[in-house]
Amino acid sequence: MLPRTNLIVTHLKQCSKIRDLESGLGNMIKVAATQDCFLMNQFITACSSVGAADQAVSAAAQMENPNVFVFNAMLKGFVENRRPIDAVECYVQVLRAQLSPTSYTFSSLVKACGFVGGDGGRVGESVHGQIWRHGLASSVFVCTTLIVFYFDFKRIGDLNSARRLFDLMPRRNIASWNTLLDGYARLGDVESAELLFNQMPAKDVISWTTMINCYSQNQKFREALGVFNEMTKNEVIPDEVTLASVISACAHLGALDLGKEIHHYVMQNGFDLDVYVGSSLIDMYAKCGSLERSLLVFYKLRHKNLFCWNSIIEGLAVHGYAEEALAMFSKMKTEKIKPNGVTFISILSACAHSGLVEEGRKWFESMTRDYSCPLQLEHYGCMVDLLSKAGLLEEALRLIRTMKLEPNAVIWGALLGGCKLHRNFEIAQIAVEELKVLEPGNSGHYALLVSLHTQVNRWSDAANIRWKMKELGVEKCSPGSSWIEVEKRVHQFAASDKCHHSSDDIMSVLDQLDGQLKRAANRPPGLRL
């Protein structure tokens with residue numbers, strides 16, 4: 001490369017403002033280099049990095065014979081600046097110039113189709129045809145981008161197209177496998193994701209993290225921790241994304257010891273305690289009952305985003321610290337962090353736990369009026385719960401009947417719970433009739449009504465409800481379950497379940513304990529065991 005060209009390239013790579021670009025283009029004009037495809041490529045790339053796509057278009061328009069690499073730089077710039085229509089028009093110019101597109105041409109063009117919107121699917125299919133026509137259907141780079149495109153549209157036909165395309169690829173790299181795996185994960189197809197993951201000839205940190213996320217997003221938290229353990233056995237080093245996902249799984253399972261161990265691993269290995277790992281730790285400690293540790297992590301974070309604030313507010317709320325949750329909410333606002341719908345769920349829940357009716361009413365009205373947060377079922381559910389617990393059952397019923405959304409079983413269940421608490425048979429019956437339609441096989445609603453009658457010695461009414469349950473075939477079919485963490489493994493137990501590999505040993509120990517308790521009950525007073 002000539003020294004003069006070298007200087008121009010160095011200058012362009014250092015451009016961080018549009019003013020710098022103008023200076024770089026001026027240098028190119030001075031040495032009559034505006035027709036140099038290599039330098040123009042560098043100039044267009046520099047424009048894209050600072051969001052100056054129009055300057056790139058203007059400069060490229062002065063070229064008499066731009067090559068395909070100049071057009072590729074333009075295409076990439078349009079994609080980076082979310083200008084898909086310009087990208088498609090740029091490709092048309094490539095064809096008009098009778099240039100042969102490359103794999104880089106099509107990878108950018110396919111990405112642009114993903115930004116088009118409703119018609120993007122048809123445009124993408126046309127581009128796929130162009131890829132075949134130009135003999136690039138076997139390019140790993142292009143095929144991987146196509147798989148991402150098909151999955152992004154989340155249509156069953158596109159899912160099948162992505163899989164067929166993957167199966168037809170003569171060569172696959174790890175990025176291709178990861179792309180397909182991510183597609184299945186995002187669509188919630190756990191079975192296909194599992195099968196593909198087990199077939200992968202090699203796995204990197206992205207593969208393992210994607211599978212962990214897939215399990216977590218589908219409430220399979222034990223499986224997520226199992227994959228993480230397997231990952232560490234294979235000596236694959238996790239990144240911050242992996243750790244945030246695993247910590248979140250620990251939170252849902254109450255695996256405090258494992259969560260602490262991962263926290264220690266984060267600190268010992270110099271990982272950045274960013275907002276994602278930080279918010280996951282705050283949530284995990286709070287859900288596992290260690291609110292002090294949750295607060296400690298929160299205050300130690302250098303940077304706090306909305307997720308961090310939401311996590312600590314929710315933690316305070318679920319532990320019954322309503323006043324503290326509201327104070328934290330006020331502090332969040334002073335930090336200029338705008339609350340979202342999740343924030344208000346925590347605030348309204350805090351009010352419901354502590355019976356702060358006026359405070360709850362205020363924030364329920366304020367979230368739409370002052371913060372433009374649309375009311376969701378969860379917000380209505382919190383408000384109905386608050387009013388019902390406070391004995392304001394008529395107001396709660398009016399709120400349900402004026403909802404802009406269709407009330408679900410959770411909302412009617414909250415009302416029924418309030419009726420049981422305050423012994424309101426009339427509104428309880430209304431709630432149960434609605435719940436019969438929404439969840440006809442759920443025995444819990446009938447059980448609440450039975451309990452309500454037995455509280456006031458209305459035994460015949462309770463018996464009639466039980467008889468009706470039997471007649472309708474309504475029975476408790478989902479036994480309660482619990483988890484316990486032992487040596488990094490989470491074991492699940494359910495009532496009358498004998499699936500656990502140590503169930504015989506467990507039952508033997510329980511029988512021994514039962515016998516000892518019975519013998520202790522029959523000993524004379526003052527006699528020690």
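Predicted model: local features only at pLDDT ≥ 70, side-chain atom pairs only at ≥ 80, totals over all residues.
Q: Which element gives the most residues to the lining of the largest cavity?
A: The largest cavity has a volume of about 40 Å³, and its lining consists of Ile44, Ser48, Ala53, Ala56, Val57, Ala73, Met74, Gly77 and Phe78. Two or more of these residues come from each of α3 (37-49), α4 (53-60) and α5 (68-80). The element that gives the most, with 4 residues, is α5.

Q: How many nonpolar, polar and charged residues are in the lining of the largest cavity?
A: The residues that line the largest cavity include Ile44, Val57, Met74 and Phe78, together with Ser48 and Gly77. Since Gly is counted among the polar residues, the division of the lining comes to 7 nonpolar, 2 polar and no charged.

Q: Which residue forms a salt bridge with Asp54?
A: A search of the whole structure finds 12 salt bridges, and one of them involves Asp54, with the closest N and O atoms 3.0 Å apart. The pair links distant parts of the chain, 29 residues apart, with Asp54 in helix α4 and its partner in the loop between α5 and α6 (84-96). That partner is Arg83.

Q: Is helix α17 roughly parallel or roughly antiparallel to helix α19?
A: The axes of α17 (residues 275-287) and α19 (residues 306-318) come within 8 Å of each other and cross at roughly 5°. Because angles under 35 degrees count as roughly parallel, the arrangement of α17 relative to α19 is roughly parallel.

Q: How many nonpolar, polar and charged residues make up the contact of α17 with α19?
A: On the α17 side, the contact is made by Val275, Ser279, Ile282, Asp283, Ala286 and Lys287. On the α19 side, Phe307, Cys308, Ser311, Ile312, Glu314 and Gly315 take part. By class, these residues divide into 6 nonpolar, 3 polar and 3 charged.

Q: Which element gives the most residues to the lining of the largest pocket?
A: The largest pocket holds about 370 Å³ of space and is lined by 13 residues, of which Ser279, Ser280, Asp283, Phe307 and Ser311 lie nearest its centre. By class, this lining has 4 nonpolar, 6 polar and 3 charged residues. At least two lining residues are supplied by each of α15 (240-253), α17 and α19, and the element that gives the most, with 5 residues, is α17.

Definitions and conventions
Residues numbered from 1 in each chain as written. Heavy atoms only, no water. Axes fitted to C-alpha atoms, helices over the stretch in contact; angles between N-to-C directions. Parallel < 35°, antiparallel > 145°, perpendicular 65-115°, else oblique. Contact = heavy atoms within 4.5 Å. 1 Å grid on protein atoms, 1.4 Å probe; cavity = no way out; pocket = protein on both sides within 12 Å on 5 of 7 lines; lining within 4 Å. Points joined across faces, edges and corners; volume = space filled by probe spheres on them. Salt bridge = Lys/Arg side-chain N within 4 Å of Asp/Glu carboxyl O.
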